[in-house]
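Have the structure open while you go through the questions.

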Amino acid sequence: MNKKIWLSSPHMSGKEQFYIKEAFEANWVAPLGPNVNGFENELEAYLGRDMNVAALASGTSALHLGLILLGVKNGDEVICQSKTFSASANPITYLGAIPIFVDSEKDTWNLCPEQLELAVKDRISKGKKPKAIIAVHLYGMPYKVDEIREVADKYEIPILEDSAESLGSTYKGVKCGTFGDIAILSFNGNKIITTSGGGALVTNSKAVKDKAVFLSTQARDNAPHYQHSEIGYNYRMSNIVAGIGRGQMTILDNHVKQRRLNHMFYMNAFDGIEEIRFLEEPSQMYSNRWLTTIQLPSYSIREGLREFLLKDNIESRPLWKPMHLQPIFKDSPAFINGISEDLFKKGLCLPSGSNLTEDDLNRVILGIKTYFTKC
Ligand SMILES: *Cc1c(COP(=O)(O)O)cnc(C)c1O
């Protein structure tokens, strides 16, 4: 059997263990310490725009706290991009709130501004103004930041920006993760940089960051004994995990460069195959190309290709199944134009890790070319 080629696997810089060793030597083995502060400072410097970053246990916990900080409560409605990973939507239900799903547009595959406005108007007409809008830069491609912001501002609804897949992407030259009223990042094992598991909440307000840190460390009042006036969470990032993050920050730009090169490599290789279409980068947008995605003519061709690659131990994955089609969310209101469902049926994510070798890429390309000459 040929060596396994993964969709997206962790890629270490070699510096991670230095920070971990330092933490062990100083006995900072806790959900606080110099690596946590260091990692936050490095992320703040990277994002720019005077952002404040709170390092947390995961992107999911960051979304949960983000919704709490935006004032979402039991029974409220929250709009969420339907084409996303389930972690964007699940935290809505943790709060007893109701997700309202909205479909995508064709240019970026992210939240459609027209459908969004339809959804907002409809909910308002039913006496339920949505409390927040969760917009996602899926696969690293920025959503239509200006258009979404315009709708959000018109109806005065805050945006929770899910930037879990888009660290290093930019819109009009500005980093993704700085556009929402609150934004989140993820450092899970398959993301552009990883801490093994981890995430962050991003805000332009120091007070909001402090509140996020307070809630993530069990909401302890300022007292010598343990005292609590609010419900807290155990969501802070540990100092060991943050050490991995500091090592990863030293090669983030390289990872973006490498993933974009993967995308170019695939584009050039499939130039003559008209069944394969790529998502182009709209002007003013720069994607980290976290995953290279392709669209195929039909479901059966897509599945045929996926299984063909799997026989050669190459992992690929259908584009994310929209939330409005998930069994768990089948009863949620949804504003649908068919785009995300079509992408789900015909789209495929190709191996995209920054640690893929030229041999790996050539094996994937040969596999795909063979499939299309055979079929
Ligand atoms: C990975 C991911 C998350 C969740 O992040 P975790 O760190 O795994 O909890 C949320 N949203 C999107 C779009 C993701 O890809």
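Q: Which pocket is the space taken by the ligand?
A: This is a predicted model, so local features need pLDDT of at least 70 and side-chain atom pairs 80 or more, while totals for chains, interfaces and linings use all residues. Residues are numbered from 1 along each chain as its sequence is written, and side-chain values use heavy atoms, with hydrogens and water left out. On a 1 Å grid over the protein atoms alone, a pocket is an open set of points with protein on both sides within 12 Å along at least five of seven lines, and a molecule sits there if more than half of its atoms lie within 2 Å of the grid points. The ligand's space is the largest pocket.

Q: How far is an oxygen atom of the ligand from an N or O atom in the side chain of E165?
A: A polar contact is a pair of N or O atoms within 3.5 Å. D162 has a polar side-chain atom 2.7 Å from a ligand nitrogen. For the side chain of E165 and a ligand oxygen, the distance is 2.5 Å.

Q: Which helices do R246 and E42 lie in, and how many residues apart in sequence are the parts they tie together?
A: The side chains of R246 and E42 meet in a salt bridge, 2.9 Å from N to O (a Lys or Arg side-chain nitrogen within 4 Å of an Asp or Glu carboxyl oxygen). Helices here are DSSP runs (H or I) of at least four residues, numbered from the N terminus. R246 is in helix α8 and E42 in helix α2, so the pair links parts whose separation in sequence is 204 residues.

Terms used
A polar contact is a pair of N or O atoms within 3.5 Å; within protein, one must be able to donate a hydrogen and the other to accept it, and residues adjacent in sequence count only if both atoms are side-chain atoms. On a 1 Å grid over the protein atoms alone, a cavity is a set of points where a 1.4 Å probe fits but cannot get out, and a pocket is an open set with protein on both sides within 12 Å along at least five of seven lines; lining residues have an atom within 4 Å of a point. Helices (H or I, at least four residues) and strands (E, at least two) are DSSP runs, numbered from the N terminus.
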